[in-house]
Amino acid sequence: MRPSSHLLAPGFLARSLDEFKRFAKIVYTQESLRTATTPYHLLDFTKPDTITMCKPMSDADIGGFSKVALDQMPASATEPAHMRFHGNISIDLPSNRPQIQRTGYAAWRNRDRGPTIFGKSLWDVDPYIYLALRVKSDGRKYLVNVQTESIEYTDIHQHRLYAQRPGEWETLLIDWSDFVRTNYGQVVEPQNEMMTQKVRTLGIGLTDRVPGPFDLCISSMWATNQVEDGDTHKEQG
(Lines give C-alpha, C1' and ligand atoms only; values in the text may rest on other atoms or scores of the structure.)
Protein backbone atom coordinates (compact mmCIF):
# COMPACT_ATOMS: atom_id res chain seq x y z
CA MET A 1 0.00 0.00 0.00
CA ARG A 2 1.39 3.38 -0.99
CA PRO A 3 0.95 6.45 1.22
CA SER A 4 -1.14 9.19 -0.40
CA SER A 5 0.82 12.02 -1.99
CA HIS A 6 -0.24 14.65 0.55
CA LEU A 7 1.32 12.57 3.34
CA LEU A 8 4.68 12.83 1.61
CA ALA A 9 4.40 16.57 0.92
CA PRO A 10 7.18 18.68 2.52
CA GLY A 11 4.65 20.82 4.41
CA PHE A 12 3.01 17.78 5.96
CA LEU A 13 6.33 16.32 7.05
CA ALA A 14 7.56 19.66 8.45
CA ARG A 15 4.35 20.21 10.43
CA SER A 16 4.49 16.66 11.76
CA LEU A 17 8.12 17.10 12.84
CA ASP A 18 7.33 20.41 14.59
CA GLU A 19 4.42 18.80 16.43
CA PHE A 20 6.57 15.82 17.42
CA LYS A 21 9.23 18.18 18.81
CA ARG A 22 6.60 20.04 20.82
CA PHE A 23 5.18 16.83 22.29
CA ALA A 24 8.68 15.56 23.09
CA LYS A 25 9.54 18.82 24.87
CA ILE A 26 6.37 18.61 26.98
CA VAL A 27 7.26 15.07 28.03
CA TYR A 28 10.92 15.87 28.67
CA THR A 29 10.20 18.98 30.75
CA GLN A 30 7.12 17.42 32.39
CA GLU A 31 5.11 20.58 31.63
CA SER A 32 1.95 18.46 31.39
CA LEU A 33 2.32 17.80 35.15
CA ARG A 34 2.82 21.41 36.23
CA THR A 35 2.15 24.96 35.14
CA ALA A 36 3.65 25.62 31.71
CA THR A 37 6.57 28.02 32.03
CA THR A 38 7.66 28.39 28.41
CA PRO A 39 5.55 30.41 25.94
CA TYR A 40 3.71 28.60 23.18
CA HIS A 41 4.24 30.57 19.96
CA LEU A 42 1.16 30.61 17.74
CA LEU A 43 1.73 33.20 15.00
CA ASP A 44 5.22 34.68 14.69
CA PHE A 45 5.32 37.48 12.13
CA THR A 46 9.04 37.98 12.54
CA LYS A 47 9.18 34.99 10.19
CA PRO A 48 8.34 36.15 6.64
CA ASP A 49 6.47 32.97 5.68
CA THR A 50 3.88 33.38 8.47
CA ILE A 51 2.02 36.06 6.53
CA THR A 52 1.38 33.56 3.73
CA MET A 53 -0.70 31.58 6.23
CA CYS A 54 -3.07 34.53 6.72
CA LYS A 55 -6.20 35.51 4.86
CA PRO A 56 -7.37 39.15 4.56
CA MET A 57 -11.13 39.82 4.48
CA SER A 58 -13.39 42.84 4.09
CA ASP A 59 -16.83 43.89 2.92
CA ALA A 60 -15.32 44.06 -0.58
CA ASP A 61 -15.94 40.29 -0.59
CA ILE A 62 -19.68 41.05 -0.78
CA GLY A 63 -19.47 44.13 -3.00
CA GLY A 64 -18.48 46.80 -0.45
CA PHE A 65 -15.71 49.35 -0.81
CA SER A 66 -13.47 48.88 2.23
CA LYS A 67 -9.82 48.17 1.46
CA VAL A 68 -7.55 45.80 3.36
CA ALA A 69 -3.93 44.70 2.96
CA LEU A 70 -1.45 42.53 4.81
CA ASP A 71 2.20 43.53 4.32
CA GLN A 72 5.34 41.95 5.71
CA MET A 73 7.58 44.63 7.19
CA PRO A 74 11.30 43.94 7.81
CA ALA A 75 13.04 44.63 11.09
CA SER A 76 14.63 48.04 11.55
CA ALA A 77 16.69 49.78 14.19
CA THR A 78 13.51 50.74 16.06
CA GLU A 79 11.01 48.01 15.18
CA PRO A 80 10.84 44.22 15.03
CA ALA A 81 9.85 42.46 11.83
CA HIS A 82 6.06 42.38 11.74
CA MET A 83 2.87 42.12 9.73
CA ARG A 84 1.06 45.36 8.91
CA PHE A 85 -2.75 45.09 8.78
CA HIS A 86 -3.97 48.27 7.13
CA GLY A 87 -6.44 49.79 4.71
CA ASN A 88 -9.51 52.00 4.66
CA ILE A 89 -13.02 51.48 6.01
CA SER A 90 -15.97 52.52 3.86
CA ILE A 91 -19.64 52.23 4.79
CA ASP A 92 -20.86 52.89 1.24
CA LEU A 93 -23.34 50.30 -0.03
CA PRO A 94 -23.08 48.69 -3.49
CA SER A 95 -25.80 50.19 -5.69
CA ASN A 96 -26.17 46.99 -7.72
CA ARG A 97 -26.73 44.70 -4.71
CA PRO A 98 -29.78 45.96 -2.77
CA GLN A 99 -29.71 42.91 -0.48
CA ILE A 100 -26.47 44.21 1.08
CA GLN A 101 -27.57 46.54 3.88
CA ARG A 102 -24.42 46.78 5.99
CA THR A 103 -20.75 47.25 5.17
CA GLY A 104 -17.73 48.76 6.90
CA TYR A 105 -15.44 46.03 8.14
CA ALA A 106 -12.03 44.48 7.55
CA ALA A 107 -10.25 41.55 9.18
CA TRP A 108 -7.68 38.81 8.84
CA ARG A 109 -7.20 35.32 10.24
CA ASN A 110 -4.80 32.47 9.73
CA ARG A 111 -5.88 29.92 7.16
CA ASP A 112 -6.78 26.44 8.38
CA ARG A 113 -3.50 24.63 8.82
CA GLY A 114 -2.81 21.36 7.05
CA PRO A 115 -2.91 18.00 8.84
CA THR A 116 0.01 16.27 10.53
CA ILE A 117 0.74 12.63 11.23
CA PHE A 118 -1.05 13.22 14.54
CA GLY A 119 -4.24 14.43 12.83
CA LYS A 120 -5.81 17.85 12.34
CA SER A 121 -3.60 20.84 13.14
CA LEU A 122 -5.09 22.58 16.17
CA TRP A 123 -3.54 24.65 18.94
CA ASP A 124 -3.94 23.33 22.49
CA VAL A 125 -3.64 26.40 24.70
CA ASP A 126 -5.45 24.88 27.68
CA PRO A 127 -2.28 24.91 29.88
CA TYR A 128 -2.05 28.69 29.50
CA ILE A 129 -3.93 31.60 31.08
CA TYR A 130 -3.30 34.34 28.53
CA LEU A 131 -3.18 35.10 24.85
CA ALA A 132 -0.32 37.57 24.39
CA LEU A 133 0.03 39.96 21.46
CA ARG A 134 2.96 42.21 20.58
CA VAL A 135 1.36 45.09 18.67
CA LYS A 136 1.54 48.73 17.66
CA SER A 137 -1.95 50.13 17.28
CA ASP A 138 -3.45 53.30 15.85
CA GLY A 139 -5.97 53.24 18.71
CA ARG A 140 -9.00 52.05 16.75
CA LYS A 141 -11.46 49.51 18.22
CA TYR A 142 -10.06 46.20 17.02
CA LEU A 143 -11.41 42.80 18.04
CA VAL A 144 -9.31 39.69 18.57
CA ASN A 145 -11.10 36.68 17.06
CA VAL A 146 -10.64 33.02 18.03
CA GLN A 147 -12.25 30.06 16.27
CA THR A 148 -12.28 26.60 17.82
CA GLU A 149 -13.66 23.20 16.93
CA SER A 150 -17.02 24.38 18.25
CA ILE A 151 -20.29 22.53 17.70
CA GLU A 152 -21.39 25.63 15.76
CA TYR A 153 -18.76 26.03 13.05
CA THR A 154 -19.56 29.76 12.64
CA ASP A 155 -18.99 30.60 16.33
CA ILE A 156 -16.26 33.16 16.97
CA HIS A 157 -14.96 34.09 20.42
CA GLN A 158 -14.10 37.78 20.60
CA HIS A 159 -12.36 40.29 22.86
CA ARG A 160 -11.52 43.98 22.41
CA LEU A 161 -7.88 44.82 21.81
CA TYR A 162 -7.34 47.65 24.28
CA ALA A 163 -4.15 49.42 23.24
CA GLN A 164 -2.68 51.37 26.14
CA ARG A 165 -0.10 53.30 24.12
CA PRO A 166 -1.25 53.88 20.52
CA GLY A 167 1.66 54.48 18.20
CA GLU A 168 4.08 52.49 20.37
CA TRP A 169 4.97 48.82 20.59
CA GLU A 170 3.45 47.06 23.60
CA THR A 171 2.52 43.57 24.78
CA LEU A 172 -1.14 42.99 25.59
CA LEU A 173 -2.45 40.02 27.57
CA ILE A 174 -6.00 38.68 27.25
CA ASP A 175 -7.27 35.99 29.59
CA TRP A 176 -8.61 33.12 27.48
CA SER A 177 -11.62 32.91 29.81
CA ASP A 178 -12.59 36.52 29.04
CA PHE A 179 -13.43 35.89 25.38
CA VAL A 180 -17.13 36.18 24.50
CA ARG A 181 -18.88 33.70 22.22
CA THR A 182 -20.51 35.32 19.18
CA ASN A 183 -22.12 34.19 15.95
CA TYR A 184 -22.32 36.49 12.92
CA GLY A 185 -21.34 39.40 15.13
CA GLN A 186 -24.00 38.84 17.80
CA VAL A 187 -23.40 37.64 21.36
CA VAL A 188 -25.10 34.26 21.78
CA GLU A 189 -26.18 32.15 24.72
CA PRO A 190 -25.26 29.99 26.42
CA GLN A 191 -21.77 31.39 26.90
CA ASN A 192 -20.08 27.99 26.81
CA GLU A 193 -16.46 27.79 27.89
CA MET A 194 -14.15 28.12 24.90
CA MET A 195 -12.57 24.86 23.73
CA THR A 196 -9.02 26.00 24.39
CA GLN A 197 -7.75 22.49 23.69
CA LYS A 198 -8.85 22.84 20.05
CA VAL A 199 -8.12 26.34 18.72
CA ARG A 200 -8.38 26.45 14.93
CA THR A 201 -7.75 30.08 13.93
CA LEU A 202 -6.64 33.41 15.36
CA GLY A 203 -7.28 36.79 13.81
CA ILE A 204 -8.09 40.46 14.30
CA GLY A 205 -10.99 42.47 12.89
CA LEU A 206 -12.20 46.04 12.72
CA THR A 207 -15.99 46.34 12.76
CA ASP A 208 -16.65 49.77 14.32
CA ARG A 209 -17.92 51.07 10.94
CA VAL A 210 -16.02 54.36 11.33
CA PRO A 211 -14.95 55.46 7.83
CA GLY A 212 -11.29 56.16 7.29
CA PRO A 213 -7.82 54.61 7.36
CA PHE A 214 -6.65 52.00 9.85
CA ASP A 215 -3.20 50.63 10.63
CA LEU A 216 -2.30 47.89 13.09
CA CYS A 217 1.12 46.21 13.32
CA ILE A 218 1.47 42.73 14.82
CA SER A 219 4.82 41.17 15.61
CA SER A 220 3.67 37.96 17.28
CA MET A 221 0.87 36.14 19.11
CA TRP A 222 1.52 33.45 21.71
CA ALA A 223 0.02 31.65 24.71
CA THR A 224 1.63 32.29 28.08
CA ASN A 225 1.27 32.15 31.85
CA GLN A 226 3.75 34.96 32.42
CA VAL A 227 3.44 38.74 32.63
CA GLU A 228 6.35 39.43 30.34
CA ASP A 229 7.89 42.81 31.15
CA GLY A 230 7.34 46.45 31.99
CA ASP A 231 5.36 47.31 28.87
CA THR A 232 2.92 44.40 29.26
CA HIS A 233 -0.71 45.26 29.94
CA LYS A 234 -3.30 42.76 31.17
CA GLU A 235 -6.64 43.53 29.62
CA GLN A 236 -9.81 43.50 31.68
CA GLY A 237 -12.68 41.26 30.61
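1. Contact here means heavy atoms within 4.5 Å. With that cut-off, and not counting residues up to four places away in sequence, T46 touches A81 and S219.

2. Before going on, the ground rules: this is a predicted model, where local features need pLDDT of at least 70, side-chain atom pairs count only at pLDDT 80 or more, and totals for chains, interfaces and linings use all residues. Numbering runs from 1 along each chain as its sequence is written, and side-chain values use heavy atoms, with hydrogens and water left out.

3. Of contacts between residues at least 6 apart in sequence, 74% join residues at least 24 apart.

4. Of the 237 residues, 42% are buried (under 20% relative accessible area; exposed is over 50%, partly exposed in between, with a 1.4 Å probe and protein chains only).

5. Back to T46, which sits in the loop between strand 1 (40-44) and strand 2 (54-58). Its relative accessible area is 37%, so T46 is partly exposed. Its side chain has a polar contact of 2.6 Å with the side chain of D44 (a pair of N or O atoms within 3.5 Å; within protein, one must be able to donate a hydrogen and the other to accept it, and residues adjacent in sequence count only if both atoms are side-chain atoms). The C-alpha atoms of T46 and A75 are 7.9 Å apart, with 29 residues of separation along the chain.

6. Now T201, in strand 12 (residues 199-206). T201 counts as buried because its relative accessibility is 1%. Its side chain makes a 2.6 Å polar contact with the side chain of Q147. Leaving out residues up to four places away in sequence, the residues T201 touches include R109, D112, W123 and N145.

7. Finally, the pairing around strand 10 (two strands pair if DSSP finds at least two bridges between them). Strand 8 (residues 155-160) runs antiparallel to strand 10 (residues 180-183) over four bridges, with D155 opposite N183. Strand 10 also pairs antiparallel with strand 11 (residues 186-187) over two bridges, and there the partner of N183 is Q186. That hairpin has two residues between its strands, and Y184 takes a positive phi near 50°.
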